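This report concerns the pairing of charged side chains in one protein model. Please consult the sequence and the structure shown here while reading.

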Amino acid sequence: MRGSSPRVAGYETSPNIALIKYWGIRDPRLNLPFNSSVSVTLDRLRSRTVVRFDPKLSADRFRLNGTELSGGPWEDVHRFLDRVRELAGLEDAASVVSTNNFQTASGLASSASGFAALAGAATRAAGLDLPPRRLSQLARLGSGSACRSIFGGFVEWERGTRADGRDCYARPLFDEHHWPELVDVVAIVDGAPTKAVRSASAMQASVETSPEFASRQRELPARIVAVRRALRRRDWARLFPLIMEECDSFRRVCETTTPSLDYLTATSREVLEVVRETNAIAGEPVAGYTHDAGAHVHIFTLRRHAAGIRARVAGLRGVATTHLLHAGPGGRTVRVPARGTVA
Ligand code: DP6
């Protein structure tokens, strides 16, 4: 069906940082993961997207942070819009205008918040009112980790077991108000390479070549149960060592992939060392680090330790800036100005 007038909607979501990592796809067509993962949706950072299906347009258009994109990123968005058009029985091309209030493709998970925002805006513009779980399944097709950014707070993406993916979706574990004492000190490091390859491709190299991949899969179910329990009990003394163990396991898989995947810079490694030292000096795990497929490091700690840790990390040569973040809200509709073009 072609519409007679433009249909427009806006949606906004925040990036998430995984405490248990998604790394490995068992079905690339449906983006079904090998393992479940757990994340925290962050506050303050956001991707905002406005989609306008317009009968006057001859092809999809995609503007990100003020720049008209073509090539790979455009194709990803176009493919995603095709799925939405198919669901809605719509034929119009769309203009997609998206802005991130943080660095794109930097390891701060812009593809997660980007595809989650696109899923929300495109479905609403197309007149589809999908419940959050369905929206998470749709977002997953754009970028796996995007399914988790539909929800706020602490989120689990269930791997599911069905071949059709119907039981593979994200669900909220605890909302963003569950643990106000928990903070995420993010160390943004200088010279972090811009992510050249989608994680989806990199992780498949790990599935095929890392000798550590299978043992990691065996360890994960117990670790997920332990992380869920530590979150429920707000048990930082258990949570922080667990997330470091998980991050180290993820990094071992990356490093033993052929060709080897190394996302960290020397400064990132120093940040990890600061966390280990801080815990050794305190005599208890007062903080835990994690990182995704990027060089920036997230340090989870309690509010009362945050200023001290932030100052130590900010003092390292090579740390460009630090952010102090908390668990944040899930996806939300944004009002679009009458012209409907500005995100
Ligand atoms: C290491 O789902 O972001 O962040 O969209 O292809 O880049 P692409 O994949 P994506 O991969 C996430 C990998 C990870 C772990 C995680 O977020 O669970």
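## Overview

The structure holds 26 salt bridges. The model is a predicted one. Side chains of opposite charge can pair when their charged atoms come close. The sections below describe several examples.

## A pair within a helix

Arg-79 and Asp-76 form a salt bridge through their side chains, with a distance of 2.8 Å from N to O. Both residues belong to helix H1, which covers residues 71-88, and they are 3 residues apart, so about one helical turn separates them. Arg-79 is partly exposed, because its relative accessibility is 47%.

## A pair between two strands

A salt bridge also joins Arg-171 to Glu-156, and their closest N and O atoms are 3.5 Å apart. Arg-171 is in strand E11 (residues 169-174) and Glu-156 is in strand E10 (residues 154-158); the pair therefore ties together parts that lie 15 residues apart in sequence.

The surroundings of the two partners may also be described. Arg-171 is partly exposed, at 24% relative accessibility, whereas Glu-156 is buried, with a relative accessible area of 2%. The cut-off for the term buried is under 20% relative accessible area.

## A further pair and a network

In the salt bridge between Arg-162 and Asp-164, the closest N and O atoms are 2.6 Å apart. Arg-162 has a relative accessible area of 37% and is partly exposed; Asp-164, at 35% relative accessibility, is likewise partly exposed.

Salt bridges also link residues into a network, whose members are Arg-216, Glu-219, Arg-223, Glu-245 and Glu-246.

Key. Residues are numbered from 1 along each chain as its sequence is written. This is a predicted model: local features need pLDDT of at least 70, side-chain atom pairs count only at pLDDT 80 or more; totals for chains, interfaces and linings use all residues. Side-chain values use heavy atoms; hydrogens and water are left out. A salt bridge is a side-chain nitrogen of Lys or Arg within 4 Å of a carboxyl oxygen of Asp or Glu. Helices (H or I, at least four residues) and strands (E, at least two) are DSSP runs, numbered from the N terminus. Buried means under 20% relative accessible area, exposed over 50%, partly exposed in between (1.4 Å probe, protein chains only).
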